[in-house]
Each structure stands twice: as structure tokens, then as C-alpha cells.
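Dear colleague,

Please find the structure below, handed over for your use.

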Amino acid sequence: MTRTWAELLGGEVPVEDEGDEGRRRRFNRLRAGLRKSRESIARGLVGWRYNPDDLDAWEGLEDILIAADCGMATTQEVVEALERRHPRSEEDVSTGLEEIVAALASPRGEPTLDLSARPAVILVVGVNGTGKTTTIGKLASRLAASGRSVIVAAADTYRAAAEEQLEVWARRAGADFVGSSRGGDPAAVAFDAIEAAQARGRDVVIVDTAGRLHTQTNLMEELAKMRRVIAAKLDGAPHETLLVVDATTGQNGVRQARLFDEAVSVTGVVLTKLDGTAKGGAVLAIGNEVGLPVKLVGVGEHLDDLQPFDARDFARALVGVGEAADNE
Amino acid sequence: MFDSLSDKLQGVLSDLRRRGKLSEADLKKALREIRLALLEADVNFRVVKEFVARVRERALGAEVSKSLTPGQEVVKIVHEELADLMGKGSSKLAFAGRPPTVILLCGLQGSGKTTASAKLALQLRKEGKSPALAACDLARPAAIDQLEQLGCQIQVPTYALRGTGDAVAAARHGLEQARAQGRDVLILDTAGRLHVDEQLMDDLVAVRQTVRPHDVLLVLDAMTGQDAVTVAEAFARRVAFDGVIMTKLDGDARGGAALSVKAVTGVPITFTSSGEKLEPLEAFHPARMASRILGMGDVLTLIERAEDAAEEDEQAKLERRLAAGVLTFDDFLKSYRMMRKMGSFKSVVSMIPGLGKQLQGVDVNERELGRVEAIILSMTPEERCRPDLIKGSRRQRIARGSGTSVQQVNQLLAARKQMQKLVKQIGRGKTPNLQSIAAQQVRRR
């Protein structure tokens with residue numbers, strides 16, 4: 001069963017009743033998104049027959065994981081972990097893989113999004129073009145729908161028209177918007193947004209930041225400063241720091257996670273663009289090597305295409321098992 | 001991370017007789033290392049298999065030339081094969097006999113199409129053309145605003161059709177405007193789309209058919225992983241692109257996707273792009289890309305970046321003084337700032353062959369480097385030229401001025417002395433042992 005927003009947010013949230021129709025539509029979209037990746041993986045698994053002595057078969061499994069961007073080191077760990085379980089049947093292989101992959105993607109158990117503070121501050125970071133602003137738009141809309149009042153802060157003061165883009169999303173989500181002029185100080189925008197949230201009694205502040213490559217030292221320093229300003233303004237903030245990673249990203253994703261974590265202490269990963277053919281296996285390597293859990297996945301362009309991450313679903317999509325359960 | 005393939009190959013092949021032909025057995029371990037290096041660089045695994053097979057064929061029985069070790073010989077073969085493969089095919093833009101030349105940019109969301117469009121326009125303007133931009137991304141909020149703002153910055157007109165979701169109409173409008181205003185190149189920025197989104201791919205085909213571009217360029221993120229082949233094949237099938245712009249190469253991604261895309265579509269990389277600052281695109285250098293993918297020192301790029309960063313005469317002055325074995329704090333600051341301009345210290349050092357390995361395990365703290373600048377700037381000009389002047393009370397003043405401690409000032413003074421020694425060694429033509437110097441620095445902390 002796919003994880004719900006209520007589970008992700010701690011279970012005490014009044015989730016609006018979207019009705020059977022809405023629920024079905026949402027689930028189908030997730031499935032359609034995942035199916036594309038599953039189909040190509042399943043194609044990879046076709047002809048894969050379990051035989052512990054068949055080295056080619058084990059190599060084939062390795063190829064599937066590598067093709068999903070899991071990386072050599074993590075792929076080998078997955079395969080070795082599977083070997084240690086001495087699977088006796090293809091079904092053992094499927095469930096084994098599912099469990100191993102799920103444990104890697106959620107290294108700290110089932111992830112939650114901690115928004116219990118008032119206001120709760122979410123800082124969103126990542127390299128250029130991963131979909132930070134779109135993710136924030138969808139997240140704001142989802143949180144608003146669950147009865148929370150939201151302020152979005154446009155602290156991407158660098159990219160041309162970034163503020164306009166976020167403002168459109170804020171309007172769609174019915175969220176308040178705090179911006180500044182281009183070239184302004186991003187930390188000041190975050191500060192203003194928290195102040196506005198305190199004054200107006202808003203529940204959540206989501207801070208959008210400019211995309212930056214993890215190798216740009218001065219920009220990473222700027223991000224660390226922004227985090228310090230937020231922490232100084234509000235005790236315990238930011239309550240969540242989400243790193244947005246694009247599913248098409250290859251092995252560089254691990255470097256991204258490591259350096260962003262060093263700069264701003266990331267609490268979770270958002271895996272976007274999972275509706276293409278890329279499987280996003282880089283998040284496994286991130287979970288394995290950096291220890292960061294995936295919290296949300298983006299499976300499409302629509303407002304409700306942002307979903308709580310479900311490790312089992314992801315594992316099934318990655319290795320192409322659990323087809324039967326889906327055909328109901 | 002910056003461990004180079006050549007070092008690894010030296011390792012696995014070091015027990016070989018130094019001369020003679022390479023045998024199948026010799027090659028086995030080497031080929032495994034090559035496979036690993038390519039996979040870590042995000043080259044698609046199928047492409048890796050074919051490539052490794054080709055290298056095996058060529059390397060098997062190859063004569064190790066007198067001047068090289070077996071490891072170097074294999075590296076040379078791999079490097080040549082890689083550069084050859086990526087370098088084949090023309091990577092020049094086609095220009096129309098009768099202007100305007102129409103260039104269509106397409107790609108996934110977030111690959112950097114809008115920034116690349118503006119950079120391409122700037123480049124063409126600098127080449128003496130009169131380009132224009134057309135905003136055909138009507139999906140992403142404020143995409144038109146972004147392109148207009150960029151166009152304004154580089155003084156290139158931007159044509160947009162607001163209030164419509166029809167990309168074909170926007171493209172046609174752009175072409176009409178370009179003709180009417182006598183622009184000789186029109187660059188169309190299109191919406192990002194997934195290659196599996198049939199409807200959006202149909203839209204792109206419709207735009208292509210309407211404006212009949214002379215060049216269709218796929219914009220591809222250098223960080224793309226294994227899926228690059230699927231994306232490239234789909235775009236090739238639907239819109240038959242003629243070239244690739246590889247973006248975000250200023251990061252530390254090894255960019256194996258460049259090889260994957262070339263291998264499955266046969267289409268060459270036309271340009272590369274680094275950074276969000278509006279600067280012209282860069283021409284694609286296959287040999288450099290090969291080095292990057294293999295994780296080998298990229299001396300050429302290092303040299304070029306150093307040349308760009310240093311002001312000509314400043315560098316000459318510095319070199320003269322360094323040759324004489326003198327290193328003032330002004331020099332220290334200059335070389336340090338040049339280094340910052342070039343990129344992070346570690347990424348610069350990693351480009352020097354042989355040094356990447358030495359630096360392993362040594363953490364260069366970039367923030368520490370920021371402190372260096374503050375301390376030096378708190379010195380008087382005289383102190384910077386004659387560091388021996390800096391005694392007790394001056395140290396205290398400098399520490400206060402730079403917001404650091406006397407201990408940190410002392411560290412820097414000691415570091416300068418170390419550098420001075422290093423400079424003298426280089427002056428005498430010795431290769432400095434960075435490892436021991438770095439270790440000393442670490443201990444001192």
C-alpha cells in the first residue's frame with residue numbers, strides 16, 4: 001500500500017477528503033509514472049532466471065541496478081547482501097531485493113516530515129534545474145489542502161524570473177508570498193518570511209533557494225549563512241532541509257548529497273521527475289553512502305503529483321517485482 | 001574521487017614486464033578498471049561494454065612503446081579511442097544561405113535550455129551576427145520573463161507571444177518578427193519535456209515542422225546518468241537533432257553522458273556550457289572530455305583557466321618574483337585569488353596529473369581559505385611586502401582587524417614560510433612534495 005500524506009506528516013493531520021474519484025486518480029497517476037520505469041526494468045529482468053551458480057545471471061542483475069544509476073559500489077553491496085540471504089527461488093530474489101533496496105532508501109526507517117513547530121520552516125536546496133520551485137509549489141498546495149497556512153519565500157534572488165515563477169505557484173496553492181528584488185540578500189528574504197509567519201500566525205514557511213552546484217564554494221557558503229540566519233531567527237529552524245535530486249542524475253548525486261549535507265545538514269531528499277524512464281537509483285547510493293532518507297517523490301507535472309516516498313513501491317519499480325499485486 | 005584511472009592502471013599493470021606485447025591475461029585486470037571508471041563516470045553500461053570490447057581488440061598484442069609503461073600504454077589507447085569516438089563528425093552550426101538561420105533548442109526540464117539559449121545568442125552576437133530569441137516555453141511559469149530578462153542583459157531582442165499556450169504560434173510569431181526586423185539568426189527556446197510524454201513530443205515535432213530549423217540542438221545536463229541514452233534516442237527519433245549542448249560542466253560531474261549520447265545517436269557534442277553567468281558557450285574538445293570522463297588530469301583546461309583568471313602582467317610579475325624565490329603576502333593573496341577564480345582549490349589541484357592522488361585524504365577546508373584573505377587584508381602594505389616585520393603587537397592588531405585569533409595569524413605566517421620554501425624548490429626545478437606539506441598543515445590545525 002502506498003504511503004499517505006497523513007503517515008508522512010505524523011498521522012494527526014486533517015487530510016481533506018478527496019473522495020474515491022480523487023484517490024483513484026492520484027493512485028493511477030503514481031502507478032503510471034512508476035510503471036514506465038518498471039516496464040523498462042522488467043524488460044531488463046526478462047530472461048533473468050534464478051540460478052545461484054550462473055554468473056551471467058548475477059551479472060545481469062548487476063546490470064539492471066547499474067542501469068538504474070545505483071552506482072558500482074551500491075550495486076555490489078545490494079548483490080552481496082542478496083547472496084548472503086541464499087535465495088532459493090525467484091520469489092526469494094524478488095522479496096530479498098525489495099527489502100534490501102527499501103532499507104537503503106530509508107536508512108532511518110520510515111521517514112516523516114516534521115512540521116510540528118509553529119511556524120515550521122522548510123528549507124529547499126539543490127543543484128540547478130532539479131525542480132525546486134515546482135516541488136515547492138506542489139508541497140505548498142498539498143500542505144494548504146491539509147489545512148495548514150503556508151508562506152513561500154522566494155530566496156532565489158539570482159536566476160532571472162525565479163521570483164515570478166514561484167509567485168505563480170504560490171497563487172495556485174493559495175499561499176502567502178514573500179519576495180525581494182533580484183540580486184537581494186537571500187538570507188534577508190528567509191528572515192522576512194519567518195517574521196511574517198510569526199506575525200500572521202502561519203503554520204509553515206517554505207524557503208526556495210537558488211540552484212547552485214555543490215562545487216561553488218562561495219554559493220555553498222551563502223547557503224550555510226542562510227541556514228544560520230534562519231536558525232538565529234527561530235529556535236529549532238529550519239525544521240526540515242530538503243535536497244531536491246533529479247531522477248536522471250547519475251553518480252554525481254552522491255557528491256551533491258554529501259556537500260549539501262555538509263553545508264546545511266540535509267534532513268531528507270526529494271526525488272523528482274520519476275515519471276520519465278530514469279529510475280532515480282542515485283538515491284540508493286545517497287542513502288547508502290551519505291545516509292540521507294528519501295521523503296518525497298515527484299511523478300508528474302500536476303499539483304498532486306508530489307507523493308510521500310514509499311520505499312517498497314520504489315524498490316518494486318526499481319527491480320520490477322510485484323507486478324501481480326498491481327494488476328488488481 | 002579524483003583518483004585517476006592512470007594511477008589505478010599503473011597499479012594493476014606494474015607487475016608486468018616493462019616491455020613487450022600486452023597479453024589477454026595482462027589486460028583482464030586493466031579492462032575491469034576501465035569498465036569501473038567509465039561506469040562511475042555515468043557512461044551507459046551497454047556503451048561501456050562495447051567500448052571495452054573495442055579497447056581489448058586494439059590493446060591485445062599492442063606493442064608497449066619504449067617510452068611508456070604498460071599502464072601508460074593502455075591509458076593512451078583508451079584515451080585515444082574515447083577522443084576519437086567523441087570527436088567524429090562535424091560539430092559546427094549550419095547557417096542558412098538566406099537568413100534568418102533558425103536554431104531550435106530542446107531537452108528535458110531543468111537541463112538549462114533558457115540559459116543556453118541566451119549564451120548561444122551572446123556568442124553569435126560576439127561573432128558579429130544579429131541574433132534574436134523566441135520564447136516558445138509556454139508551460140513553465142515565468143519562462144518568458146526569464147528569457148526576456150536574459151535577452152535584455154545581453155542586448156538581444158526577445159520575441160514572445162503572451163496569452164497563448166500554442167508553441168507553434170509563438171514560434172511562427174518569432175520567425176515573422178525576425179524576418180521583419182532583419183535578424184540573421186533566430187534561437188527558439190522551447191519548453192522542457194519528458195521524452196516519454198507523447199503529446200509534448202508531438203508539439204515539439206509540430207514546432208520543428210513549422211519553423212524548419214537549420215540546427216536542432218539537444219540540451220543535456222552533464223550530471224545525467226544512465227538514462228541519457230534513452231532520452232537521446234527518443235529525441236533523435238522524433239526531432240532528429242544535429243548537435244548537443246552539454247551544460248553544467250562547471251560542476252564535478254565526469255560527464256560520461258557525452259560518450260553515451262554520441263555512441264547511440266552518432267550526433268556530436270557541439271558546445272559545452274559552464275556557469276549561470278552569461279558568457280559565450282565553449283567549443284567542445286573531445287580530448288579534454290576524454291580526460292575528464294577517465295578522471296585523468298586535465299592539464300589543458302587547467303592551463304586555460306589559469307590564463308583566463310590571471311591578468312597578463314600581474315601573472316608575469318608574479319612569475320618573475322617566484323623565479324627569484326621571493327613570496328610576499330601580496331603575492332600570496334594574488335595567487336590565492338587567482339585560484340579562487342579558477343574554482344575550488346581541490347578541483348584545481350585535481351587537474352594536475354599525479355597530484356590528485358597525493359591530495360587524497362587531505363581535506364582542504366575552503367572556509368579556512370576565506371579566513372586567509374581576511375588576515376592578509378588586515379596587514380599594512382608594508383607588512384605584506386616584509387612579513388618579517390610582523391611581531392607580537394602587530395599580530396594582535398591583525399587578528400583583531402580580521403576577526404581571527406593570534407594563533408590563526410601565526411598559522412598563516414608559518415604557511416607563507418612553507419610556501420616560500422616550496423617556491424624556492426620549484427625555482428630549482430624540483431617537484432614539491434605536497435603530501436608532506438599538506439600533512440604539516442593539517443597537524444598544525
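Chain B holds 21 helices and eight strands, where helices (H or I, at least four residues) and strands (E, at least two) are DSSP runs numbered from the N terminus. This is a predicted model, in which local features need pLDDT of at least 70, side-chain atom pairs count only at pLDDT 80 or more, and totals for chains, interfaces and linings use all residues. Residues are numbered from 1 along each chain as its sequence is written, chains are lettered from A in the order in which they are written, and side-chain values use heavy atoms, with hydrogens and water left out.

Of the 445 residues in chain B, 52% are buried (under 20% relative accessible area, 1.4 Å probe, protein chains only).

The contact (heavy atoms within 4.5 Å) draws 41 residues from chain B and 43 residues from chain A. Together the two chains bury about 3,500 Å², with 53% of it on carbon and sulfur atoms; this is the accessible area (1.4 Å probe) that two parts lose on being put together, summed over both. Pro141(B), Met223(B) and Glu276(B) supply 17% of the area that chain B buries against chain A, more than any other three residues.

Three salt bridges are found across the interface (a side-chain nitrogen of Lys or Arg within 4 Å of a carboxyl oxygen of Asp or Glu). Lys49(B) forms a salt bridge with Asp63(A), their closest N and O atoms lying 2.5 Å apart. Among the elements giving two or more residues to the side of chain B that touches chain A are helix H2 (24-40) and helix H3 (45-59) of chain B.

Yours sincerely

Note on methods. Buried means under 20% relative accessible area, exposed over 50%, partly exposed in between (1.4 Å probe, protein chains only).
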